[in-house]
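Subject: Structure for you to look at

Dear colleague,

I am handing over the structure we spoke about, and below it you will find my notes on what turned up. Please read them with the model open beside you.

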Amino acid sequence: MVRKAAKADVKAASTRKPNMREAILAAAEELFSTYGFNAVSVRDIAQAAGANPGSVTYHFKTKDGLLLEIYRRHCGPMNRRRSELLAAARRVRDLQDRLEAIVRAYVLPAFTSGSDLAGGGTRFTRLRAIMSAEGNEVVRKIIAQTFDDTSHAFIDAIHESLPHIPRTDIVWRSHFLLGALYYSLVTPERVSRLSRGSADGADAGHAIEQLVRATAASLQAAPLDQATPARRKALATAKGER
């Protein structure tokens, strides 16, 4: 009887509040982006959404399911846009232009959503950064499920353009791009402050081009196993001092 009554209450609540599902998603995203996944309970989410905990489980089954839906809503459109831009970038003939187009195809969709949907926006970017740092196994699986296929496609495209650079080096450098992307989206005011106002960290177009140029340059740097003359000289000096 209790179980049937609880289900009836949830269905009735859903009927009375057709936007309850959206309210739960918005509340969960705000809480996860502020406190992380581990520290937030279903009860916390329900309270923030003005719902009861049964509504959360009715719509999303579990907290894991709720986080997965947040990622799907944001990253489905973003990944599709990245794939479209990547396909066009791979057709560019000039190597330097192609490399920059590939990087831009990855960066641009993260900046172009003013509504905080389609993968962009400060709140979801902050959530992604916190989720990546937490080390929760469920979160790791959701991130891998959401991004790995697209990430492999970009890494492969870069490696095709720079076959003399080991793929492992490209993976590392792409990893650094992701960190720079997070930081550029979440703390643009730092650029304005450190430049003493000569640069506007909130200028998305300028931020994109700075990221593209810096990343393209780093991708073309000599492989780590190819020592520069200065490094070889330092190594030889160190050996001679032994």
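A contact here means heavy atoms within 4.5 Å. With that in mind, 73% of the contacts in the protein chain that have a separation of 6 or more are between residues 24 or more positions apart. Please keep in mind throughout that this is a predicted model.

As for the overall make-up, the protein chain has 12 helices and 0 strands, so the pattern along the sequence reads α-α-α-α-α-α-α-α-α-α-α-α. Of its 242 residues, 38% count as buried, while the chain exposes about 13,900 Å², of which carbon and sulfur atoms supply 55%.

Thr-150 counts as buried because its relative accessibility is 10%, and buried means under 20%. Leaving aside residues up to four places away in sequence, Thr-150 touches Asn-79 and Arg-82.

Turning to charged side chains, a search of the whole structure finds 11 salt bridges. Among them is the one in which the side chains of Arg-73 and Glu-22 meet, at 3.3 Å from N to O. This pair links distant parts of the chain, since Arg-73 belongs to helix H5 (residues 63–89) and Glu-22 to helix H2 (residues 20–35), 51 residues apart. Arg-73 counts as partly exposed at 28% relative accessibility, and Glu-22 likewise counts as partly exposed, at 37%.

Arg-81 is partly exposed, with a relative accessible area of 38%.

Glu-209 and Arg-104 also form a salt bridge, and their closest N and O atoms are 2.9 Å apart. Because Glu-209 lies in helix H11 (residues 204–219) and Arg-104 in helix H6 (residues 95–111), the pair ties together parts that are 105 residues apart in sequence. Glu-209 is partly exposed, with a relative accessible area of 31%, and Arg-104 is partly exposed as well, with 25%. Finally, salt bridges that share partners join Glu-29, Glu-30 and Arg-123 into one network.

How values were computed: Residues numbered from 1 in each chain as written. Predicted model: local features only at pLDDT ≥ 70, side-chain atom pairs only at ≥ 80, totals over all residues. Heavy atoms only, no water. Helix = DSSP H or I, 4+ residues; strand = E, 2+ residues; numbered from the N terminus. Buried < 20%, exposed > 50% of the residue type's maximum accessible area, 1.4 Å probe, protein only. Areas by Shrake-Rupley, 256 points an atom, 1.4 Å probe, with all protein chains shown as cover. Salt bridge = Lys/Arg side-chain N within 4 Å of Asp/Glu carboxyl O.
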